[in-house]
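Here is a friendly briefing to read with the model open beside you. Please take a look at the sequence and the structure first, and then follow the topics below in any order.

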Amino acid sequence: WTRFSAEVEQEGGPTPRYGQRMLFDDQASALHIYGGRNYTAHFDSMWTYMFETETWLQSADPTPPARAFHSFTAVSPTAAIMIGGQNSAGSLCNDTWMFDMTNSGWKKVPEANSFEWISSRAQHCAVEVGGDVVVFGGQIDNTRVANDTWVFHTEHNRWWQLKTRNNPPSRRGHACTYDSVQERVWVFGGDDNASKLHSDLWYLDLKSLQWSQMETSVDPSPRGNLSSEMIIIDGDAYVFAGSSTVQLSLRDDSVLNDVWRIPIGQM
């Protein structure tokens, strides 16, 4: 690892935060970062890092209300979908927003568009599948964690709950990815809000809507607070870091920095 653009960090970039979400804009060669929080406040700021000029830009356009632990998923070269999160009052959100990368504009999706609507949640995972967004799990209130699966259809701006079978145990703070070759959504790790951390690996077959647990001979240590996608490269899935405890503190040696790989393309 090398420190990236430390000078820019000191010259007007985003303030320190966690629980933010980031995506890459290939057409503009830029990173878009929305939201997050520190230990006193939540943010509603939208920051963009331009690789060509090596500068940070803060959007002056109206943004959604402040939040952290949401999802922010690119669904096309010019569009992304933001879902849920936790707001500054500590409440969970169930709103859905569309972000236009070409003009940095936000548009809230009206609930009237949909016969079904996803429940409020944070620390869920979301992946792009054929231009739509598949969401699994997350925190749905102060005591409950979900194991449901939802799809947001971008063409009609509608939510639809998938009637899946053999669902994994409920979890939040897990990692996920989509394997377009096998048409599977993969989920790893997370916690169940009862101090139980997971190290299991599951996949959803989108043809049969059946969840299956992958039996592995060696597993990473149980972990949560992943809050990111797994990455697939040449048929191998990679997972980085997380924490070995459910609750994190300002000084916590339970935060991990290991990298694990598994060849899901052979399974």
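**Briefing on the predicted model**

The hairpin of β1 and β2 has 4 residues between its strands, and Ser29 there takes a positive phi near 50 degrees. Please keep in mind that this is a predicted model.

**Strand β2 and its two partners**

- Strand β1 covers residues 21-25, and its pairing with β2 is antiparallel, over 5 bridges.
- Within this pair, Phe24 is found opposite Leu31 of β2.
- On to the next partner: strand β3, residues 46-50, also pairs with β2 in the antiparallel sense, over 5 bridges.
- Here Leu31 has Tyr49 of β3 standing opposite.
- How many of the 5 residues of strand β2 are buried? The count is 5 of the 5 in residues 30-34, so the strand is largely enclosed by the rest of the structure.

**The β5 and β6 hairpin**

- Strand β5 (residues 71-74) and strand β6 (residues 79-83) form an antiparallel pair with 4 bridges, and the hairpin that joins β5 to β6 runs through 4 residues.
- If you look at Phe72, you will find that its bridge partner in β6 is Met82.
- Thr73 sits in strand β5. With a relative accessibility of 4%, Thr73 counts as buried, because that value is under the 20% cut-off.
- Which residues does Thr73 touch, not counting those up to four places away in sequence? They are Leu23, Ala79, Ala80, Ile81, Ala126, Val127, Glu128 and Val133.

**Positive phi angles in loops**

- As background, a negative phi is what most residues other than glycine have.
- Glu54 is not a glycine, yet its phi is positive, near 55 degrees. You can find Glu54 in the loop between β3 and β4 (55-58).
- Asn157 also is not a glycine and has a positive phi, of about 55 degrees. Its place is the loop between β11 (145-153) and β12 (158-161).
- Is Asn157 buried or exposed? Asn157 counts as buried, at 17% relative accessibility.

**Tyr203 in strand β15**

- Tyr203 belongs to strand β15, residues 201-205, and counts as buried at 13% relative accessibility.
- Leaving aside neighbours within four places in sequence, Tyr203 is in contact with Arg184, Val185, Trp186, Gln210, Trp211, Ser212 and Met214.
- Between the C-alpha atoms of Tyr203 and Asn157 there are 26 Å, for a separation of 46 residues along the chain.

**Pro220 and the second largest pocket**

- The second largest pocket holds about 330 Å³ of space.
- Which of its 19 lining residues are closest to the centre? They are Thr216, Val218, Asp219, Pro220 and Ile262.
- The elements that contribute two or more residues to this lining are β19 (236-243) and β20 (255-262).
- Sorted by class, the lining of the second largest pocket has 11 nonpolar, 4 polar and 4 charged residues.
- Pro220 lies in the loop between β16 (210-213) and β17 (228-229), and is buried, with a relative accessible area of 14%.
- Apart from neighbours within four places in sequence, Pro220 is in contact with Phe188, Ser199 and Trp260.
- Pro220 and Ser244 are 24 residues apart along the chain, and their C-alpha atoms are separated by 11 Å.

**Cysteines**

- How many disulfides does a search of the whole structure find? The search returns 0.
- Cys93 is in no disulfide, and the nearest cysteine sulfur, that of Cys125, is 18 Å away. A disulfide needs two cysteine sulfur atoms within 2.5 Å.
- Cys93 is buried, with a relative accessible area of 9%, and Cys125 is buried too, with a relative accessible area of 4%.

Definitions and conventions: Residues are numbered from 1 along each chain as its sequence is written. This is a predicted model: local features need pLDDT of at least 70, side-chain atom pairs count only at pLDDT 80 or more; totals for chains, interfaces and linings use all residues. Side-chain values use heavy atoms; hydrogens and water are left out. Buried means under 20% relative accessible area, exposed over 50%, partly exposed in between (1.4 Å probe, protein chains only). Contact means heavy atoms within 4.5 Å. Two strands pair if DSSP finds at least two bridges between them. On a 1 Å grid over the protein atoms alone, a cavity is a set of points where a 1.4 Å probe fits but cannot get out, and a pocket is an open set with protein on both sides within 12 Å along at least five of seven lines; lining residues have an atom within 4 Å of a point. Grid points are joined across faces, edges and corners, and a volume is the space filled by probe spheres set on the points. Ala, Val, Leu, Ile, Met, Phe, Trp, Tyr, Cys and Pro count as nonpolar, Asp, Glu, Lys and Arg as charged, and the others, Gly among them, as polar.
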